[in-house]
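Please examine the sequence and the three-dimensional structure shown below. A short briefing on the fold and its contacts is then given.

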Amino acid sequence: MTTRTRTLGTTGPQVSALGLGCMGMSALYGEADRAESVATIHAALEAGVTLLDTGDFYGMGHNEMLIGEALRTAPAARREQVLVSVKFGALRGPDGGWTGYDGRPAAVRNFAAYSLQRLGVDHIDVYRIARLDPDVPIEETVGAIAELVEKGYVRHIGLSEVGAETIRRAAATAPISDLQIEYSLISRGIEDEILPTTRELGIGITAYGVLSRGLISGHFTADRQLGTGDFRAMSPRFQGDNLRHNLNLVEALRKIAEQKGVSVAQIAIAWVLARGEDIVPLVGARRRDRLTEALGALDVTLEAADLAAIEEAVPPGAAAGDRYPAAQMAHLES
């Protein structure tokens, strides 16, 4: 694997060209093996990955404690290179249900205090509200994070899943390092307004969902049985005719990947990498073999002819179904 780095915008830190999204190790994609999850984080650090992404609501704190365990048991040199990105603000009940978002300054400070304890760190590298709280101006939420920066509890301010106007308002309040948002071959909504705005303002992108929750990984099949706790069992893109249509797109992509001698997942990740040096893809590997495959994308070079073939096989807007169920789409500005 070729080690590469990128910078999260003009005000953010330098990180590895790929980050590791740890959500699936705790929630929403079926059962995960804790020992394998920790081993995967260790393998990522050993491979030079420096960015770990989590949310305080992933497994109601489970994911932060998992990362904390992985950091405590990692070699000191590897532990010191890690940058942890944390999302906050999502409210959940004891049954795991979602009850809204809280971006009030007092809540921001409260969420941060618990995250610091669960992670076992003295600061959070990038801190961001997971979704805009419709009842709290973004200026108030970002201002509260800026106060945490001044006190040394947070290093950089991020945003998540917000539109161009909110990005501008946030950036006028305090320096913003990056926007975390879904971006993949079949989720290209940021290209019209959001990406031009972040580039104008010098804000980086951490792209999650680069394999569209496994849909365009080349490993998902139409007959796969999903458990009740698996987000994909409710995701529009994984339902009936939508799934069949989307898997046909994957097969078109597979032909291009085979011609390059790489996997479908690798070519899908390489496509996101090729979209710009200001974009850092997050890979959601829960196992070491999947991590190894994803890291292989760093050695894939897409020539102009490759990119044209990919564009023809999976043009913008080609996917069937929204990326979230209707109730969750209502919380997105992008």
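This is a predicted model: local features need pLDDT of at least 70, side-chain atom pairs count only at pLDDT 80 or more; totals for chains, interfaces and linings use all residues.

Residues are numbered from 1 along each chain as its sequence is written, and side-chain values use heavy atoms, with hydrogens and water left out. The secondary structure of the chain comes to twelve helices and twelve strands; helices (H or I, at least four residues) and strands (E, at least two) are DSSP runs, numbered from the N terminus. Eight of the strands form a closed barrel with parallel pairing.

**The chain as a whole**

- A compact globule of 334 residues would have a radius of gyration near 20 Å, and the value of 19 Å for the chain agrees with this. The radius of gyration is taken over C-alpha atoms, and the globule rule is 2.2 Å times the number of residues to the power 0.38.
- Taken along the principal axes, the box filled by the C-alpha atoms is roughly 55 × 40 × 40 Å.
- Of the 334 residues, 57% count as buried, where buried means under 20% relative accessible area, exposed over 50% and partly exposed in between (1.4 Å probe, protein chains only).
- Among contacts with a separation of 6 or more, 75% come from residues 24 or more positions apart; contact means heavy atoms within 4.5 Å.

**The barrel**

- The order of the strands in the barrel is E3-E4-E5-E8-E9-E10-E11-E12. Two strands pair if DSSP finds at least two bridges between them.
- Neighbouring strands of this sheet are turned by 30° against each other on average, direction ignored.
- Helix H4 (residues 105-119) packs on the sheet, where it touches strand E5 (83-88) and strand E8 (124-129), and its direction makes about 140° with that of E8. Axes are lines fitted to C-alpha atoms, for helices over the stretch in contact, and angles run from 0 to 180 degrees between N-to-C directions.
- Strand E9 (residues 154-160) runs parallel to strand E10 (residues 178-182), with three bridges between them. Ser160 stands opposite Gln180 in E10.

- Five of the five residues of strand E12 (residues 279-283) are buried, so the strand is largely enclosed by the rest of the structure.
- In a regular strand the side chains alternate between the two faces of the sheet. In E12, Ile279, Pro281 and Val283 point one way, while Val280 and Leu282 point the other way.
- Strand E3 (residues 19-21) is joined to E12 by two bridges, and the two run parallel. Leu20 has Val283 of E12 as its bridge partner.
- Strand E11 (residues 204-208) is also parallel to E12, with three bridges. Here Ile205 stands opposite Ile279.

**The hairpin of E6 and E7**

- Strand E6 (residues 90-92) and strand E7 (residues 98-101) pair in the antiparallel sense over three bridges, and Arg92 stands opposite Trp98 in E7.
- Five residues lie between the two strands of this hairpin, and Gly96 in the turn has a positive phi of about 90°.

**Helix packing**

- The axes of helix H8 (residues 240-260) and helix H9 (residues 264-273) come within 8 Å and cross at roughly 90°. H8 and H9 are therefore roughly perpendicular to each other; angles under 35 degrees count as roughly parallel, over 145 as roughly antiparallel, 65 to 115 as roughly perpendicular and the rest as oblique.
- Val250, Leu253, Arg254, Ile256, Ala257 and Lys260 of H8 meet Val264, Ile267 and Ala268 of H9.
- This contact of H8 with H9 has seven nonpolar, no polar and two charged residues. Ala, Val, Leu, Ile, Met, Phe, Trp, Tyr, Cys and Pro count as nonpolar, Asp, Glu, Lys and Arg as charged, and the others, Gly among them, as polar.

**Two buried residues**

- Ala44 is found in helix H1 (residues 34-46) and counts as buried at 0% relative accessibility. Leaving aside neighbours within four places in sequence, Ala44 is in contact with Leu20, Val49 and Leu291.
- Ser184 is found in the loop between E10 and helix H7 (194-201) and is buried, with a relative accessible area of 0%. Not counting residues up to four places away in sequence, Ser184 touches Gly209, Val210, Ser212, Ile216, Trp271 and Val272.
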